[in-house]
Structures are given as structure tokens and as C-alpha cells.
Amino acid sequence: FSAVLATHLLERGRRAWLGGMVLLVVLGFCIASPFTEFRVRKASGAEHKAFARAVPGWRTVRRITGPRDLVLSNPAGFLGIGGVSNADETTNLFLSLYAERDSPIGDFVFAKCYSEFYDGAQLERRFKRVKGIFAGNPCAADVDYLADDLKVKAILVTPEDALWDSCDVLSDRYDLCSRTDGYKVFVLRK
């Protein structure tokens, strides 16, 4: 009996030692993180509320699009939620977690990771142009770019996007399909 107990205690000791070492490594990274590029942003309560009000818009987008249709939201939207890099290169959790559709540019981080054979300069131009459209005051050529070049079937705009107040130009090619105080969904006119 004492040999079994000794073996059991020895095994628990090894697990505890291994767990302690893993904890030390994690703590080491946490302590060193101010000296690296990895930064976690803290979102404001208002941003969390806006995010929560906008999420149901993806249900509308999924209802009006097929699984192979491309959809779009601000690739630099909700920077404080899920952002673990610099201001322009954040992960877009809003699209990634809720769209359930592909996008021509979801965010710059994943686009760089999963576009190994795509021209980096062209990718950066696409990101900046789409980000600029959501920054407000798009022109007719921008709307044509979304419809014809990027083949975007549906666009989700939130009050956090400057585009919210200048969506009129989208009506040249897109119909307003749904609107609440948390989102507007536009669908490409047939």
C-alpha cells in the first residue's frame, strides 16, 4: 500500500512541478508584454453596448445572402473589442464571430495571414480604401468598387461608422434592407 501511495504522491508532485513551470512561462510573457508589440486594448462600456446592438444585424445579413455571398462591415470597426495589435491592424471579431459569411476584407491581420500569395501592396490598398469608405463620404466610384470589383452582396453599417450618416450614396447600387438604432443592412440591388 505504501508503494502505491508513494507512486501517487510522486506523480502529483511531477504534475504540480510541470504546472508551476507553465505558470512561470505565462507570467514571464505577461510581465514582458509591455516590451513587445502585443497590446490588449480595453473597450469602453459604450463600445460594448454599440457592439451588442449591432450583432443582430448579422442575422439579417445571413437571411438575405447565401453561404457563398461576400459581405462587408467596417474592417477597422470596434477597435477596442478583440484588438490585440496597433490601431490599424486589429482582429475584427464583429465580422469573424457573427457574419458566417466570407468578406473581401475582414481585417488586415487575418488578411495578411491567409493571403500568402496575394500581393501585399494590393491588400493594403484594399484595406485602406474600404476603411476610408466606412470613414464616411464615399463617392459613386467607391460604391461601384464595392459592388463590381469586390462583389459585396450585403453591407452592415453601425452607428460607430462615420458612413452611418452618409449612406445616401450607397442607394445608387444598394437597397436599405433593415434598420435599427444599432445597425443598417444594405443589399445589392438586382
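**View 1. Aromatic rings and pairing.** Rings of Phe, Tyr and Trp (for Trp, its six-membered ring) form a pair if their centres lie within 6.5 Å; such a pair is stacked with planes under 30 degrees apart, edge-to-face over 60, and tilted for the rest. By this rule the count of aromatic pairs is zero. The model is predicted: local features need pLDDT of at least 70, side-chain atom pairs count only at pLDDT 80 or more, and totals for chains, interfaces and linings use all residues. Residues are numbered from 1 along each chain as its sequence is written, and side-chain values use heavy atoms, with hydrogens and water left out.

**View 2. Charges over rings.** A charge sits over a ring if NZ of Lys or CZ of Arg is within 6 Å of the ring centre and within 35 degrees of the ring normal. The charged end of Arg-129 sits over the ring of Tyr-145, 4.1 Å from the centre. Lys-184 has its charged end over the ring of Trp-164, 4.4 Å from the centre.

**View 3. Helix α7 and its cover.** Helices (H or I, at least four residues) and strands (E, at least two) are DSSP runs, numbered from the N terminus. The chain has seven helices and four strands. Helix α7 spans residues 140-149. Within α7, Asp-142, Val-143, Tyr-145, Leu-146 and Ala-147 are buried (under 20% relative accessible area, 1.4 Å probe, protein chains only). The cover over these buried residues includes α6 (120-134), β1 (70-72), β2 (152-157), β3 (174-179) and β4 (184-188). After α7 comes Lys-151, with a positive phi near 60°.

Conventions:
Buried means under 20% relative accessible area, exposed over 50%, partly exposed in between (1.4 Å probe, protein chains only). Contact means heavy atoms within 4.5 Å.
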